[in-house]
Each structure stands twice: as structure tokens, then as C-alpha cells.
Amino acid sequence: MIISDRMQNMQSSPIRKLIPYAQEAEKKGITVFRLNIGQPDIATPKAFLEAIRNYDNDVIAYAHSQGIPPMLESLVRYYKKFDIPLETEDLIVTTGGSEALIFAMMTIANPGDEVIIPEPFYANYNSFATLAGLTVKPVTLKAETGFHFPSVEEIEEKITDKTRAFIIANPSNPTGTVYTKEEVDMITDLAIKHDIMIIADEVYREFVYDGEKYVSFMHRDDALQNVILVDSISKRFSNCGARIGAIGSKNKDVMTNVMKLAQARLSVATLEQVGAAAIVDAPDYDEFMQEAYDEYKLRRDTVYNGLKNIKGVVAEQPKGAFYNVAKLPVDDAEKFIIWLLENFNIDNETILMAPAEGFYATPGLGKNEVRFSYCIKSEELERSMKILEKALEAYPGRTEVE
Ligand SMILES: Cc1ncc(COP(=O)(O)O)c(C=O)c1O
């Protein structure tokens, strides 16, 4: 037996790999605040569960490969709120945004082709690119500039005759950066000029703070043939376990070929589509979204206010999503996180963060950075920041950030 090169080359999830250390701490009776994972704790909209409870059919049959019509129609109504011009025929329901990403990469590139991704990036992009045999060409973003794009020249020099797509999360996981209209236009212009696609991962579109504006890559009429939208209800509707996402494009060639993959995997879970289709039209939809928004904004402020008062930590106030990447005054963030879980607590409480190195494609980058996800309550985040501050004072591998 062999294990394929493909799998041997695939990285483990940097978000999940330190969980065993957290479990060990928990066995010792320590509470571990999990700042590592983007699993919202906000209650899923009631309409989702009600629709599933009311499902009245003796057979849970396969759904259409494209998705059940009510789900597709509810997506179209949802996109209208954001001026995204997708109609049902432009959409396929997927098993989370994850499957949409795999479908997109498999459809528009051959093994050996390249995709350009700003780093740090959502680590599973790497795994999906490995699956599709693609080489990731990173454009490095810096904490000091709020993880915004460098000059157009710096990005354009990454484009070769093998480049097939940009993959961009906006707002970004892990940095929380919201790209400006100028940045979205810059990437769009490059995509048109070089005839490459944009895989636009916009699963955090509602979480944009401080009056910043979410600009979709689908807002440019002249670029619609170059854009594939990747979407998911996991984050916006606090519904990660439903595994409902979507892929959408005005490019018929793309969607016709994505459909072959959708047919091969038969369908997405029927009941979860029934539930998800009911969310957007529920009477308390706006209230739900407002409450979720206010809660994430409060948490973002709590984390940032905590971080900015810790000596040696470099962090910007993120403008979107529910993440933050910070530079810590440590020799190695992963070592620090493990040390923390094994050796440090305040009143039997400690924290688990995600080492940011796994979010970079360039070796060595992010070694002293961590990603925070703020999916726990604000009071716990406040205590978490205190734990971080005191742990940094006690950590034997402390350095100064240059
Ligand atoms: C930027 C981004 N895209 C896609 C996903 C995939 O999510 P899901 O498969 O749950 O829709 C995630 C999950 O964290 C994400 O952060």
C-alpha cells in the first residue's frame, strides 16, 4: 500500500492541530477558551430548525444535483440584498463553501497550473489546491499595513502563463481585512487584462464594521465572466453543521462544467437545504442579523482593546469577519501556544489560539503570529486577553518584535 503524494503533501489543519493539547489541559480540570476556530456560538435561526421539524415526507430522497428549488430561490433573494446579480440558473448548492472551493479549482485549472492567493489565507485553500494539483503563488500581506494589498506591480509580477485564478476571501479569514473598492477594482482589472478568473470567497460579507463597505467582485458588470462566487451559510447564519454553501457564476462554461461535479457527488443533504431555504424569509431575519453583527463587533473591540494594551504585540483593528492576526513577542507562536496549554492558567482558565504560520504559503512567515477567532462571549474574551498578557510575561521564549 502507498499513501498518495497528494495526501502526503497536504498539510494538517493549523486550526485543529493543537486541539489534543487543549484536551490534555481540560483533562486536568482547566477551562480552555477556544480562540482557534471560527465556529460561531450564536444560536442558529429558529426558522431553520422549524422548517426541518415540519418536513412532511416519508422518504429523505436525493435532492436535485443543482439544489432544491426553494434553496436556490432563497439564495437569489438573499443576493439581491447585496446587488449580486445571480439567478437560479447561475447557482449550484454545495456542501459548504468548502465544496464550492474544490469545485471552482477543479473546474478552471489543470494540474500544474497556478493560483494567486494573498497570504495569510484560509489554510484549507492550500489543501484544496493540493487536491486539484495547483501551485499556490502567494502575495504577502503585512500586519503593519492592516493586511491590505501591495502595489499592482507587485501583484502583476506573480502572473505567469500558468496563472488561472486569484483566490480572495473578502472580508478575509484570517486577517479580518475588508478590501477597499480600489483593491477590488485593481484585482478585477488584472483578471480582465490577463484573462484569469477570480474565485471570490465572500462568506463573511455581512460582518463589516466601522462604516467600511463590502464590495463584491460581482459588482463589476464588465468582469462577470471572470468571477466565481463561493458562498456559505455557515458563518452568517451560525450554521456550520448544516454544510450548506453555494457556487455561482455568470460564466455558463464554468457552471456547465461545475454541474458535472455536482452530478457526480449526487446532491447536497435534503433536510438541511429545506431548513436553510426558510431562513432568509423568516420574520425575524433582520433582527437575527443585527444581533449577530452587534455581538461580533463587541467581541472584535474586546479583543483589539485587549491586544493593544499588551506590550510587544502588533495588531490592527480588523474591519470585518470575526478574526484577527497578531504578532506576538515570542520565538515561535506554536511553541508558545503549547507551552501555554501545558503550563499556564489563571484561576484554572487558559486559551487556545491558532498559530498563523499555517496560513502562509511562504516558508518561515507567520512564525511569531497567531490568529484569534472571536466566537466566544465577550467576558471570556476579556479574560482571555488577560491570560495572554500574563502568559507573555512568563513565557521563557519571549523576544521583542522588531
Ligand atoms: C474564508 C472561508 N471560506 C470558506 C470556509 C468554508 O466554510 P464552510 O465549508 O463551512 O462553508 C471558511 C470556513 O471557515 C472560511 O473561513
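R205 lies over the face of F82, 5.6 Å from the ring centre. A charge counts as sitting over a ring if NZ of Lys or CZ of Arg is within 6 Å of the ring centre and within 35 degrees of the ring normal. R236 does this too: its charged end is over the ring of F237, 5.1 Å from the centre.

A quick word on the source: this is a predicted model, where local features need pLDDT of at least 70 and side-chain atom pairs count only at pLDDT 80 or more, while totals for chains, interfaces and linings use all residues. Residues are numbered from 1 along each chain as its sequence is written, and side-chain values use heavy atoms, with hydrogens and water left out.

Now for the ring pairs: the structure has 19 of them. Rings of Phe, Tyr and Trp (its six-membered ring) pair if their centres lie within 6.5 Å; planes under 30 degrees apart are stacked, over 60 edge-to-face, and the rest tilted. Here are two of the pairs:

| Pair | Centre to centre | Angle of planes | Type |
|---|---|---|---|
| Y78 and F82 | 5.1 Å | 55° | tilted |
| F237 and Y285 | 5.9 Å | 75° | edge-to-face |

Y78 and F82 are both buried (under 20% relative accessible area; exposed is over 50%, partly exposed in between, with a 1.4 Å probe and protein chains only). F237 is buried at 2%, and Y285 is buried at 6%.
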